[in-house]
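Confidence comes up before the interfaces.

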Amino acid sequence: MAMPNQKLQTRTTLKLVGVVLGMFAFGFALVPLYDIYCQVTGANGKTASAYVVPEDGIAVDADRWVTVQFLTNNNASMPWSFRPEVRSMKVRPGEMNQTTFYASNPAGYTMTAQAIPSVAPFHAAEYMHKTECFCFEQQVLATGEAIDMPLRFIIDPYLPESVQTLTLSYTLFDITDMTASAAAE
Amino acid sequence: MSAVIENHHDDHHHGPDKGLMRWVLTTNHKDIGTLYLWFSFAMFLTGGCMALVIRAELFQPGLQLVVPEFFNQMTTMHGLIMVFGAVMPAFVGLANWLVPMMIGAPDMALPRMNNYSFWILPFAFSMLLSTLFMEGGAPNFGWTFYAPLSTEYAPPSVTFFIFAVHLMGISSIMGSINVVVTILNLRAPGMRLMDMPLFVWTWLITAYLLIAVMPVLAGVVTMMLMDIHFGTAFFSAGGGGDPVLFQHVFWFFGHPEVYIMILPAFGIVSAIIPTFARKKLFGYDSMVYATASIAFLSFIVWAHHMFTVGMPIAGELYFMYATMLIAVPTGVKVFNWAATMWQGSMTFETPMLFAVAFVILFTIGGLSGLMLSIVPADFQYHDTYFVVAHFHYVLVPGSIFSIMAAAYYWLPKWTGNMYDETLGKTHFWLSFVGVNVTFFPQHFIGLAGMPRRYPDYALQFADWNMVSSVGAFIFGFSQLLFLFIVIKCIMGGKKATDEVWEGAEGLEWTIASPAPYHTFSTPPELPERSMA
Amino acid sequence: MARKESKVGEGQRLKTSLQWLIALAALSSSWQALADWSALNMTKGVTAISREVYDLHMLIFTICVVIGVLVFGVMIWSMLVHRKSLGHEPATFSHSTKLEYAWTIIPIFILIGMAVPATSTLRDMYDASGADIDIEVRGYQWKWQYTYLSDDPTQEVKFISSLLTPPDEYYNRTPKREHYLSDVDNPLVIPINKRVRFLITSNDVIHSWWVPDFAVKKDAIPGFVHEAWAIVEEPGIYRGKCTELCGKDHGFMPIVVKAVEQAEYESWLAMKQQEALQVYETVGKTWTMAELMETGEQVYAQACQSCHQANGQGIPPAFPSLVGQGLAIGPVDAHIDIVVNGKAGSAMQAFAAQLNPAEIAAVVTYERNAWGNNVGDLVQPRAVNALISSEE
């Protein structure tokens, strides 16, 4: 009776320690799981990375117009000028559209920025296909430098009928420190 | 079996050591239980003082006593201390004292680890409390510490907060592993799982919850630490992260955590009501299954704390339906307790008073919880005093009352003396009145539109805030009476019999009062299925 | 003993009478608080959605009260009757499969009864198509910014809305007036009977934009935009609050929405657009050094000279010199910041409220390049504007 019990205890303890380690890892696994959840549901209006137009193209819905609004904001104390070339576009689902966004750096030093896209309503996010976007990469601007940044996108013809206006917002974050510390490492 | 026991205790004499080192080095489950309980009570008073600072400031509109920065530190520290310092250690203390005595084990399975898991706590909380004196002040971002307020915008003391949470987590995890190993391996021969008292059952399930979610909490604070100091961006949109991710991970821990603070209370009440109704617990099996269902559901409802963050409608609906389902097993429990009382032969000593108040007031908290699960209505309730009223109803007259009930119920067994019944009842009535005067009006304040975590408020909320503050002071100061009663009971009093209570059942009542330093060194003979 | 035990029965009665007592206490202290049910309950609000939510709230509240009364009734009855002191003998039953099934299954049906209307209300709330007006709502520590979206940048109306209650009132130095902590300098103005879409986001930490009368509460999350909408049916002033802890002044960033007739809205918007156009022309254009220095000298003479003196030497120590030292030749952001925000505990005022961004840019440029400072940099008004709109 005695020895098996001791062994049983050790075994139970080890199993539980295993669960603890597993759950700690699971906490971190929630990060990619959350990304998948966002992709599937469009939560927070996050858009996917670069879209590749299928070989046989996308059928254009000639009978339908969708308004796409562009919204630009700077996060926290980001000092750049940042604005869309046009505030809104009327587009046909399935057609390739192009516009640009202007950014300039008035600060006295070189800065790195990252634009974060968000689509409202967010169930429309998965129908916003961007083939080219400045938000796919970081922007580095020296003092006084300005840039016109391209955006090319297609609205999926399967966009639900109820969505007549789609707002694409970009928030510009200052990630100068973050990239500097990454470079230092 | 007894050979093993000897092995565990070679460093022990037959009685306790003398002096301070007895407490520092002890591996005795009763000593460690006592340490946990006293620690918890100290934290209860500390967190309570912070609550009184909050309520004193809210007594009238305007800023009279503290500035908003400090007010936010008070709400944050009050929450953290009450959750991690008062309620959880109290339950661990009760588990230490009672689980071995209830299952006929000589001690906890891992006594040395038991000692460590307690002694981590004073360090963790000293570290947490020391942040109050640091530059920039203590954590001020709420006990839920949502990013980015708790990362990019946090005071420097956040690093100490993170380490304190890590320590509390390690302590809880070690404590829970100990409980599980003890319950699974050290039951008296012949005691099946379905023979165990409900307190043991609820603690077994609670321990599993703790083991499952405390590592997730450790994970989330580790991510914060990395965001703050190592340039990662788990919770910052600019680096590709998402502040809402924080809330998901936090509440994946947080919701089971809420049940960690209530399941052992269910066990306590399920022990006390049958005793004083002199009638067997109604529906033992369904109680066990209901507890397990609640624990399971707690893992799949977390986002009901986040209905306003903007989830897809399918998500909102799923979390609403899943949350509503919790009402079913919880209802089963309440009905079972009512049925236990029905046709009993009841007396109302202090533990029973606390237990009955628990059932009624916890149910009020449960019903407001049901209201909160209805998404469209929650848009109006969310982050108002209605929520504050709700969770205080389940935590104060819920968890805290159950702990008080347990203390009165088992004190005679622990000390060998009866507590002063008149004082006990006085304490109950003051607490009962205080709690309701404090928290009932908060439902109104919330429905009328006062958000939580506000240091000051518009004039239309003034009357009920004043009432609420008066109640808080009544409740707060009555706890000093509790301290007096406990000390008085330890010092002496009418000698308790071994059985203590006329209708009490369970192995702990078969041993002497006060419980000897070592009990069940040889496993007890179980009475014929008396526990079932 | 028996006398003592009857206390619980008394207790239950006491509890009820206690609640009456509380009500009475409040009644005497403030008749209005009770006469006005709205001080105790959720508002019905002024939109179709908010009424739906109110009805839903009352339905679930009633169900909960009925359940509570039944369950507590049984328990209280039991406590009064099944007592040892009355000689009641304990029964021996300890389970009843029928009963246990019943109280598992019946609640499920009650829950379904609650879930059905809740689901339909939620669907209505999520249908945000076809907005007449789009307004961006942006949370800042600790104020709100409203932007009326327009395709024409010169027509864009954008303003900050912050607490009107002065510190003297919340520090109890002057009496608290009506709408204490619930009034703002620039309320959001919307027309009635139009579908207004709110695009809610944040500049820094998470805030939450709540207007109870619209049943709209949506978290403002930095980097992401969420939408909510309302069709307000009655003109009026509706007050709301920030409901997500956002730091020190979380309790001091109220929301005020003024719903007006369409015509009034249009004239208000035209006025705002006129103002916006003026600011746009001065702030939006790129200024030359000569223009900035010229305007800067005028602004300096009008706003700064009395303390810092015409030669910039100031009157130390109260009014420090701006020549060849300190912020005037230091980092430009800090320089703009002190002009915009002033310096606490000193005579330096916050000029953001007195000067427009162009004037601030000009005067900062002037100070950095006059009196032989020759730092050489030039501050564009839009940089000042960015700083003002993004500061805490």
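**Confidence, then contacts**

I looked up chain C: its mean pLDDT is 84, and 86% of its residues reach 70 or more. This is a predicted model, and I read every entry below with that in mind.

For the complex, the predictor gives an ipTM of 0.91 and a pTM of 0.87.

Next entry: chains B and C. I found 89 residues of chain B in contact with 86 residues of chain C. On the chain B side, the elements giving two or more residues include helix 4 (68-103), helix 8 (243-260), helix 16 (421-447) and helix 17 (462-491). Helix 13 of chain B gives the largest share, 9 residues. I sorted the chain B side by class and got 58 nonpolar, 21 polar and 10 charged residues.

Last entry: chains A and B. The contact takes 33 residues from chain A and 33 residues from chain B. On the chain A side, helix 1 (2-41), strand 5 (111-120), strand 9 (165-174) and helix 2 (176-184) each give two or more residues. Helix 1 of chain A has the largest share, 19 residues. By class, I recorded 19 nonpolar, 14 polar and no charged residues on the side of chain A that touches chain B.

Methods: Residues are numbered from 1 along each chain as its sequence is written. Chains are lettered from A and ligands numbered from 1 in the order in which they are written. This is a predicted model: local features need pLDDT of at least 70, side-chain atom pairs count only at pLDDT 80 or more; totals for chains, interfaces and linings use all residues. Two residues are in contact if their C-beta atoms, placed from the backbone, lie within 7 Å. Helices (H or I, at least four residues) and strands (E, at least two) are DSSP runs, numbered from the N terminus. Ala, Val, Leu, Ile, Met, Phe, Trp, Tyr, Cys and Pro count as nonpolar, Asp, Glu, Lys and Arg as charged, and the others, Gly among them, as polar. pLDDT is the predictor's confidence in each residue, from 0 to 100.
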